[in-house]
Amino acid sequence: MNRPVEVLLHHLPAIARSPRKWDAEFARSVLRQSRRRSWRPTPKQLGVMQRLVGDMFNERDEFSVIED
């Protein structure tokens with residue numbers, strides 16, 4: 001699922017508090033950069049942001065359906 005940049009930025013503070021060091025440092029770095037008026041994420045940053053937020057919500061390409 002591709003989310004708009006504004007939504008990704010909304011969820012990054014939670015990732016910035018993550019115990020996973022690299023994820024937290026990346027999120028803090030992007031949050032600092034996003035304060036600049038003309039900032040836009042690079043394609044690579046955007047991809048990582050999408051992955052981190054997707055992981056936060058445990059989104060996977062594979063879905064299991066539970067039927068009663």
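1. Helices are taken here as DSSP runs of H or I with at least four residues, numbered from the N terminus. The model under review is predicted. Helix H3 covers residues 43-56, and Asn 58, which follows H3, has a positive phi near 55°.

2. H3 comprises 14 residues. From first to last C-alpha, H3 reaches 20 Å, close to the 20 Å expected at 1.5 Å a residue.

3. The buried residues of H3 are Gln 45, Val 48, Met 49, Gln 50, Leu 52, Val 53 and Gly 54. Their cover includes helix H1 (5-16) and helix H2 (21-33).

4. H2 and H3 pack at about 125°, and their axes lie 11 Å apart. Angles over 145 degrees count as roughly antiparallel and those from 65 to 115 as roughly perpendicular; H2 and H3 are therefore oblique to each other. Their crossing is left-handed. On the H2 side the contact is made by Trp 22, Asp 23, Phe 26, Val 30 and Gln 33, and on the H3 side by Gln 45, Val 48, Met 49, Arg 51 and Leu 52. By class, this contact of H2 with H3 has 6 nonpolar, 2 polar and 2 charged residues.

5. H1 and H3 cross at roughly 60°, with axes that come within 10 Å. That angle makes H1 oblique to H3, and the crossing of H1 and H3 is left-handed. In H1, Val 5, Leu 8, Leu 9, His 11, Leu 12, Ala 14 and Ile 15 meet Leu 46, Met 49, Gln 50, Leu 52, Val 53 and Met 56 of H3. The contact of H1 with H3 has 11 nonpolar and 2 polar residues, and no charged residues.

Definitions and conventions
Residues are numbered from 1 along each chain as its sequence is written. This is a predicted model: local features need pLDDT of at least 70, side-chain atom pairs count only at pLDDT 80 or more; totals for chains, interfaces and linings use all residues. Side-chain values use heavy atoms; hydrogens and water are left out. Helices (H or I, at least four residues) and strands (E, at least two) are DSSP runs, numbered from the N terminus. The expected span of a helix is 1.5 Å times one less than its number of residues. Buried means under 20% relative accessible area, exposed over 50%, partly exposed in between (1.4 Å probe, protein chains only). Contact means heavy atoms within 4.5 Å. Axes are lines fitted to C-alpha atoms, for helices over the stretch in contact, and angles run from 0 to 180 degrees between N-to-C directions. Angles under 35 degrees count as roughly parallel, over 145 as roughly antiparallel, 65 to 115 as roughly perpendicular and the rest as oblique. A crossing is left-handed if the near helix is turned anticlockwise from the far one by less than a right angle, and right-handed if clockwise. Ala, Val, Leu, Ile, Met, Phe, Trp, Tyr, Cys and Pro count as nonpolar, Asp, Glu, Lys and Arg as charged, and the others, Gly among them, as polar.
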